[in-house]
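Dear colleague,

I am handing over the structure below, and my notes on what was found in it follow directly after. Please read them beside the coordinates.

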Amino acid sequence: MSAFLEDIRPFYGNQECNAAGQTLEQFLQAYDPKRYEQPSVTVDTIVVQHPKQFTSIYDGLKILMIQRGNHPSIGKWALPGGFINMKEDGMDSAKRELEEETGLTGIPIEQIHAWDEWKRDPRTRIVTIAYLALVEEGLTPKAGDDAADACFFDVNLTLIETKHDENKNYYTYRLTLFNEQKEVTLQAMLVLSENSTGLLRQKQLEIIENDGVACDHAKIIMQSLLYIEQLIKK
């Protein structure tokens, strides 16, 4: 097959043949991209609306959610997002999906995390890249594409328990998202475990209860809030 890229010059290396005696052109001609199973890649964008001045993730934040109009998790509330096109960068994909599903454009975003648990989606092996946007009040989303609805939800985050066990710390949070106008309340309970030894700290989020939030999006939201908390502390 032909090379995926038209210009392969940056990939010549030292221009030697490989162990099979192939040039780069010959290697690419014989390469089978289906030799290995291929995970799908999606993007999800967390748009967090905040007051002009805020010093805490526990007060005054809102998160943009869309109501899923298709399987899986049809009818539940999720973050705007979708599949990356084959010749599209992740950030461009996130902005495109955000516009298609909510009508919002021109919002700066930052990549903050990748979620790769193999059981996270029933359709196939899907890895999602999470992007974060921080915006001030005043945006009005409009549902489009496969989103049945789109609106901001008020955020109520409560740290309800802290435990310490040998080298690990455990933090249990209650995440509540509510929109009084639509009379919708979403709730999730999550546990953040943190290995506190060494320079690197291994962190893991686990959903222990979930009511109304699609798939693992409660974890993506929680990760984003903790990321914002780190930004505030700097």
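Val-41 stands opposite Val-127 in strand 6, and this belongs to the parallel pairing of strand 1 with strand 6 (residues 126–136), which extends over 11 bridges. Strands here are DSSP runs of E with at least two residues, while helices are runs of H or I with at least four residues, both numbered from the N terminus; two strands pair if DSSP finds at least two bridges between them. The model is a predicted one, in which local features need pLDDT of at least 70 and side-chain atom pairs count only at pLDDT 80 or more, whereas totals for chains, interfaces and linings use all residues. Residues are numbered from 1 along each chain as its sequence is written, and side-chain values use heavy atoms, with hydrogens and water left out.

Strand 1 also runs antiparallel to strand 4 (residues 81–83), to which three bridges join it, with Asp-44 standing opposite Gly-81. A further antiparallel pairing, over two bridges, links strand 1 to strand 2 (residues 62–68), where Ile-63 is the bridge partner of Val-48. Of the 11 residues in strand 1 (residues 40–50), nine are buried, buried meaning under 20% relative accessible area, exposed over 50% and partly exposed in between, with a 1.4 Å probe and protein chains only.

Elsewhere, Gln-223 lies in helix 3 (residues 217–233) and counts as buried because its relative accessibility is 19%. Leaving aside residues up to four places away in sequence, Gln-223 touches Ile-112, His-113, Trp-115 and Leu-205, contact meaning heavy atoms within 4.5 Å.

Best regards
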